[in-house]
Amino acid sequence: MNGLSSSLFLPAIVFLPLIASIIAFLVGRNRLQGRINMLFALLQFLLVILTTVLFLSEQSYQSSRYVIGGWGAPLGIDLVVDGFSILMIALTGLLTLLISAYSTSYFSEQFSSEQKGLRFWPLWWLLIAGLNALFVSGDAFNIYVCLEIIGLSAAALVAIQGTRAALEAALRYLLVGLLGSLFYLLAIAILYRTHGTLDLMQIAASADNGLPDKVAMILIAIGLLLKIALFPLHFWLPQAHANAPTPVSAILSALVVKASLYVLIKFWFDILGETTTFGASQVLGALGGAAILYGSWSAFRATQLKVLIAYSTVAQLGYIFLLFPLSKYAVGGSSFSGSASQAAIYFIVAHACAKAAMFLSAGNLILSQGNGEIAQLKGIATREPLNVLVFAIAGISLIGLPPSAGFIAKWLLLTTSIESGQWWWVIVVIAGGLFGAMYLFKVLGLAFTSGTVDTGQGNKQPREHVSGVMTAVAMILAIITLALGFNAEFILNISNPIVEASSV
Amino acid sequence: MTSELLYMIAGLGLFSIGLSGVLIAGHVMRKILALNVMGVGIFMFLIALARKSESVFDPVPHAMVLTGIVIAVAGTALALNLMVRIHNIDETELERTRQESAKPEKIEL
Amino acid sequence: MFKKLDTDYAGAAVDKNASRLSVSILVAGLLVLLVTALLGYDAHDVGLEPLVTQSIELSGVTNPVTAVLLNFRAYDTLLEIAVLLIVVIAVLPIDDRRTAFFRRVAETKHDLVLSALQRWIAPALVIFAGYLLWAGAYQPGGAFQAGALLAGACVLLFQGGTYRINYTSSIARLLLVIGLIIFVAVGLALIWVEGSLLTYPLESSSILILLIEACATISIAIALASLYSSLFDTAFPAVNMGKNESIT
C-alpha cells in the first residue's frame, strides 16, 4: 500500500449505499429519516469526488484494480475502474445527491410516511449501490448480479405508487428486464465454457473471432438492447418512466438505461471487440436513427407531460447509438476511443443532466398543476416561472442549441460523421434536432400563453405547493447543463485522457 | 457425443422453449413460468459444462447456478406479487361496476 | 408481445396478437445458432477447477462450491443477498409496528392432519436446517438451502391462519437485514485486519464463514416467508380481514 490510491475507495463506493439502505430500512418511519438520507447522500458525493480527484491525479491514467478477498482474477472478483467508469460514478454521485435532496420533500404530501421510510429510501439506496457496483465491476458474472439489482429495484420503485397503471408498467418493465438478464446470463455461460474465466480482461485477452464469441456477443446485444430500450424494443420504457414517482423517473432516464448501455459499450468495443463488425454497427446505427425519428414523433403526439419526456428519452438514446457506426473498426478489434466515443460520452453526461432537470421540473409543474395533461399547462409560466425556465433550459440542451451541453454533444456527433464520411447520419441528427424542437416548443408555447384553461371537472386533484428545495434542485441541474456547455474539455479529459480532446 | 454435450443441448432447448413461451404466452403467469423455464435451461447448461471428466467438476458454474437460483426466486416473487396486485385491482373494479349496475338508477361518475 | 398483460383467471393461453410463425422461426434460428456454436467448438479444458482445488486449503471449508460462494466469490453472494432484500422491501406486507413479531391471530382449528404436520414436521425441519447449514462446510448444503427449509417450516405454521408474523416490527426488520449487516460488517472489518475487502485470515476463516452463513440463513428464511405472506395477504385480503386483532 504505497500512498492513497483511487482503487482503495472502490469498495466504499459500493458499500456506502448498501449501508445507507440497511439503515434507512431499520430506521423506518422516523422523522430523522430525511436527514439521515441527506447525510448519506452528502457522504457518498464527497467519497465520489475524492475518488475522481485521486484517479485524475494519478498520472498513469491506466485502469486501476482492487482485488477482493486477496485471490485475484480469475479465482476471485476484481473491481476495475477506468476513465469511462469513473465518469459514470461521478455522474451517479452528483445525481444521487441532487435527486435525494429532491426526494426528501417530494413525497411529503401524497405519500404515506410508512411507504416512504420502509420502501422508497431502502430501494433507492439499493438502486444506487447496484449502479455503483456495476460501474466498478470487472467480472462478467458480477455484472449479471448488478444488472439484476438494478432491474429489480428499478421495477420495485416504479411500482411504489401502487396505481394500476404504475403496477402494470412495473410488471412489464420487470419481465423485460428479467428476459434481458437471462440473455446476458446465457452469453456468460457460453463465454465461460470457451475461455474458462469470468474476468473481463482475461476474456478480452483470449477472445477471438470464433463462432461462440460471436454468438455470445449477439446474445449480449439482444439482452442489453432490451434493457436499454433501443427502438423497436422501447415499448416498455414510456409507461415505466412516466408512471414512476418523479425522482425515480429522473434516475431511470438519466442513469439506469445508461447502465446497460455502459455494459454494452464495454463488451462491444473492449471485451468482444474482435467479433463486432462495421456491418453490425450500421444496424445499431440504423435502429438508433429510427429511434430518433420515432421517439420524437411519439413525443410530439403525447398528451401527458411525463410520457412526452419519456419518449424524448427513447429519441435521445438513439443519438448515443450513432456511436457504434461512427467508431473506427480496425481489423482485429475496435476500441472505445476517438472522437465518436467522446461524442457518445458527452451525450451520456449531457442527456443525464438535462433529462434529470427536465423530469424534476416537470414533476414540479405537475404538482403545481394537479395533473399531467399537457393541454392544461396553458399559462403556467406565470405561476411557476422558475420551473418553466428549467424546463426550457433542459429543452434547449436536448434540442442541441448553444450554449448547452447538448449542443456540444451534437456538434461532436456531426463533425465525427462528416470526418468518417458517413454523411447520412448528419441528416438524421439534424432532423432529430428539428423534431425535438417541435415537441419541446409545443409545451413551452402553451406554458407561455397567457390565461388559464377552463379547468372544469378535469382538474380534480388538489394543486400542491411546490417546495423551494424541489425548484432549487431542478435549477441546479439546469445550471450544470449550461455550465457543461462552456467547459466541454473537462469531461472529455476525464473520459478519454489518451486521445487529446479535440478543440471545440 | 458425450453425455455432457447432450445435457447442454437440452439446456439450450429448454432456453428456446422458454423464450417462445415468453413471446407468445397470453397470461402473465405463463410468461413468468416461461422465464423460469429459460433460467432452468441456462442452469442445466452451466451444470453440464461444469463436468470436466468422470470425477472432476468445476465448482464455479455450480456456484453461479446457486446464485442464479436465488436471483430467479427473487425476480419471480416480485413478478407474482405485481401480477396479483393488478389482478386484485381489476377484481375490485369489476365488483364495483357489478354492484352499480345492479342498482336501479345509475349514478353518474 | 408485452403490450397487454393479461391477469384474468380465464385469460387466453396464447396471446392472439403474437405471430406464432415468426416467433417459431426466430427461436428456431437462435437455437440452431447456439447448438452450432456448441458443437463445433471445444470447451476450455479445465475451467477454474485446478485453481479452486489448489486454493481450497486456504479457504477454511472443504466443499469447493461453498468455498467459491463464500470465499473466492463472496462479493457475488453478498450482492445476491441484497437482491433478495430488494424484493422483500418491495413486497413487504406493512403492518402496525407496535404489534408483536410473531403472534397467534386465531384459535387453533381442530384439524388433525394440519396440527400433526405442524407438530411433527416443523421441528424436524428446523433441526434439518441446522444440519444443512453445518454440513455446508464439507458437502452440498449451506445458507440458502437451510433458509429455504426454515421458510418451509414458517409456511407450514401459517397454514390454517393461526399464526402471523408482523414483518414491519423492529425485530422482523432487524432479522431481515441481519445477514447483509453481518456480511458487510465482516467484509469491511477485514479491510482493517487484512488490508483488503472480504479477505479472511487463514486461522479464523471457517468460523467467519459459519457466522456469515448462520446470519444469512435467518435472513433468507424470514425473507422467503415474507414473500409467501405477501402473496397470501394480497391474494386473499378477505381471509385476513377480520383477524387483525391479536387474540393473545
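1. A residue counts as buried if 20 or more other C-beta atoms lie within 10 Å of its own. By that cut-off, buried residues make up 40% of the 248 residues in chain C. The structure is a predicted model, and the points below should be read with that in mind.

2. Chain C contains 9 helices and 2 strands. Read from the N terminus, its elements follow the order α-α-α-α-β-α-α-β-α-α-α. Chain C is more spread out than a compact globule, because its radius of gyration is 23 Å, well over the 18 Å that the globule rule gives for 248 residues. Taken along the principal axes, the box filled by the C-alpha atoms of chain C is roughly 60 × 60 × 35 Å.

3. If one takes the contacts between residues at least 6 apart in sequence, 78% of them join residues at least 24 apart.

4. Helix H6 of chain C covers residues 143-158, 16 residues in total. From its first C-alpha to its last, H6(C) reaches 22 Å, close to the 22 Å expected at 1.5 Å a residue. Its buried residues include Phe144(C), Leu149(C), Leu150(C) and Cys154(C). Ala143(C), Ala146(C), Gly147(C), Ala151(C) and Ala153(C) are also among the buried residues of H6(C). After H6(C) comes Gly160(C), which has a positive phi, near 85 degrees.

5. Two residues deserve a check of their backbone angles. Most residues other than glycine have a negative phi. Leu198(C) has a positive phi, near 55 degrees, and sits in the loop between helix H7 (170-194) and helix H8 (205-235) of chain C. Leu198(C) has 30 other C-beta atoms within 10 Å, and therefore counts as buried. In chain A, phi of Ala229(A) is also positive, near 70 degrees. Ala229(A) is buried because it has 27 C-beta neighbours inside 10 Å.

6. The loop that holds Ala229(A) runs between H8 and H9 of chain A. Pro232(A) is placed in the loop between helix H8 (211-228) and helix H9 (237-243) of chain A. The peptide bond leading from Phe231(A) to Pro232(A) is cis, with omega near 0 degrees.

7. Where is Pro403(A) found? Pro403(A) lies in the loop between helix H15 (385-399) and helix H16 (405-419) of chain A. The bond that joins Pro402(A) to Pro403(A) is a cis peptide bond, its omega near -5 degrees.

8. Between chains A and C, 52 residues of chain A are in contact with 47 residues of chain C. On the side of chain A that touches chain C, the elements giving two or more residues are helix H1 (10-27), helix H4 (113-136), helix H5 (140-158), helix H6 (164-195) and H8 of chain A. By class, that side of chain A has 36 nonpolar, 10 polar and 6 charged residues.

9. Chain B also touches chain A: 25 residues of chain B are in contact with 22 residues of chain A. Helix H1 (3-24), helix H2 (28-50) and helix H3 (59-102) of chain B each give two or more residues to the side of chain B that touches chain A. Of these, H3(B) gives the most, with 14 residues. The residues on that side of chain B divide into 19 nonpolar, 4 polar and 2 charged.

How values were computed:
Residues are numbered from 1 along each chain as its sequence is written. Chains are lettered from A and ligands numbered from 1 in the order in which they are written. This is a predicted model: local features need pLDDT of at least 70, side-chain atom pairs count only at pLDDT 80 or more; totals for chains, interfaces and linings use all residues. Helices (H or I, at least four residues) and strands (E, at least two) are DSSP runs, numbered from the N terminus. A residue is buried if 20 or more other C-beta atoms lie within 10 Å of its own, exposed if 12 or fewer, and partly exposed in between; C-beta atoms are placed from the backbone. Two residues are in contact if their C-beta atoms, placed from the backbone, lie within 7 Å. Ala, Val, Leu, Ile, Met, Phe, Trp, Tyr, Cys and Pro count as nonpolar, Asp, Glu, Lys and Arg as charged, and the others, Gly among them, as polar. The radius of gyration is taken over C-alpha atoms; the globule rule is 2.2 Å times the number of residues to the power 0.38. The expected span of a helix is 1.5 Å times one less than its number of residues.
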